[in-house]
Amino acid sequence: MGESMSFITMASFLSAVSQGLLWSVLAIGVYITYRVLDFADLTTEGSFPLGAAIAAQCIVNGGNPFSATMLSFVAGLVAGFVTGILHTKLKIPGLLAGILVMTGLYSINLRVMGGKANLPLLKQSTIITSVVEVFSTEAKAFSTANAVMLVGVISVVVLILLLWLMFSTEFGFALRATGDNPRMISALGVNTDIMIILGLMLSNGLISLAGGLIAQYNGYADVGMGVGTIVIGLASVIIGEVLLGRRGMAWCLISVVVGSILYRIIIAFVLANKLQPTDLKLFSSIVLVICLSLPAAKEWYRDFINRRSHKVEA
C-alpha cells in the first residue's frame, strides 16, 4: 500500500503565495522578452543573481535596503543594455548574446560578492525586516510572513500599474509592435534596434530587481541562484496564459502573476509529498513541457472529437 497524498498546510500555502508574488516580478521580466519582444534571452540567469549580489553587498556594507534594491534594478538595466548592443549593433544572434552576457556576469557576480559564492544577510536590515519593524507594536509583533506578503502585493500592484500605463503610450505600442511585426513598425519610422535594447533593459532590470527582493527574502545571495530561473519565469508565463488566456496587456500581466503564484503552490504541494529539493529543477522543466504542450493537446483533442462526430454522422 502506498502512502496517501499529503496536502499543504495553510502556512505553506500562504508562504507559496508570498513567494509567488515576489517571483512574479521575474516572471513579468521574462514575459517582456518572451511575449512582447519575441526574444529568447538567457541573460536572465545572470541578471537575477546580479541583482541579488548587488543588493546583498550594499546591505552588508550598511546601505539602505530600499536603495540597495533600486540599485539592483539599475544593474539589470546595464546587463540588458549590453545584451541589446551585442545583438543589434554587433549582429550577434539573440540567444548567443544572452549566453555571452550570462557567462560574463558569473565572474562579475563573484567580484561583487567579494569573491565569495554565498553572501549571508543574517542580522542585516532588509526590506522585510524594515516592514516588520514599521508595523510591529508593543502589544503585537508583525510577522515576517505578513511582511513578505505585503511587500509582494505592493511590488506587484505598483509594477502592473506602471507597466500598463507604459504599454498604453506610443512608446509602449512601438515596443509591442517591434516584437509582433518589426518590418511594419520600421517602415513607420521606428528604430527597432533602440526598441529591442530598451525592451531588454526593462526586462533585465525587473529580473535583477526580483533577484534583490528574493535575496532579502531568503536571507542570502548566491552566485548559483540564477540557474533555472528562465524555466521558472517561462513556466509562470505559460501557466497563466493557459488558465486565463491572452487578452489586453493588463490582463496578460495579471495572468503572469497568477501563473507565478500557482507555480509556487504546485512546488509546495510536491515538496509536501516527499519530492527531494534537488529534483525541483527537473520538476520545473517537466511542468514547463506539460504547459507548452497543452495547446497542441487541446488541438489534437478537438480534431479527435470532430473526426468521431463525422464518423457517427456517416
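**Exercise 1. Determine whether Ser 72 is buried or exposed, and identify its contacts.**

Solution. Ser 72 has a relative accessible area of 0%, so it is buried (buried means under 20% relative accessible area, exposed over 50%, partly exposed in between, with a 1.4 Å probe and protein chains only). Finally, with neighbours within four places in sequence set aside, Ser 72 is in contact with Gly 51, Ile 54, Ala 55, Ser 208, Leu 209 and Gly 212 (contact means heavy atoms within 4.5 Å).

The model is predicted: local features need pLDDT of at least 70, side-chain atom pairs count only at pLDDT 80 or more, and totals for chains, interfaces and linings use all residues. Residues are numbered from 1 along each chain as its sequence is written, and side-chain values use heavy atoms, with hydrogens and water left out.

**Exercise 2. Describe the aromatic pair formed by Trp 23 and Phe 48.**

Solution. Rings of Phe, Tyr and Trp (its six-membered ring) pair if their centres lie within 6.5 Å; planes under 30 degrees apart count as stacked, over 60 as edge-to-face and the rest as tilted. The structure holds three aromatic pairs. In one of them, Trp 23 and Phe 48 are 5.1 Å apart centre to centre, with 20 degrees between the planes, and the pair is stacked. Trp 23 lies in helix α1 (residues 10–36) and Phe 48 in helix α2 (residues 44–60), so that distant parts of the chain, 25 residues apart, are linked. As to burial, Trp 23 is buried at a relative accessible area of 10%, and Phe 48 is buried at 0%.

**Exercise 3. Characterise the lining of the second largest pocket.**

Solution. A pocket is an open set of points on a 1 Å grid over the protein atoms alone, where a 1.4 Å probe fits, with protein on both sides within 12 Å along at least five of seven lines; lining residues have an atom within 4 Å of a point. This pocket is lined by 19 residues, and Met 70, Ser 155, Val 158, Leu 209 and Leu 213 lie nearest its centre. Helix α6 gives the largest share of the lining, eight residues. By class, the lining holds 17 nonpolar, two polar and no charged residues (Ala, Val, Leu, Ile, Met, Phe, Trp, Tyr, Cys and Pro count as nonpolar, Asp, Glu, Lys and Arg as charged, and the others, Gly among them, as polar).

Notes
Helix = DSSP H or I, 4+ residues; strand = E, 2+ residues; numbered from the N terminus.
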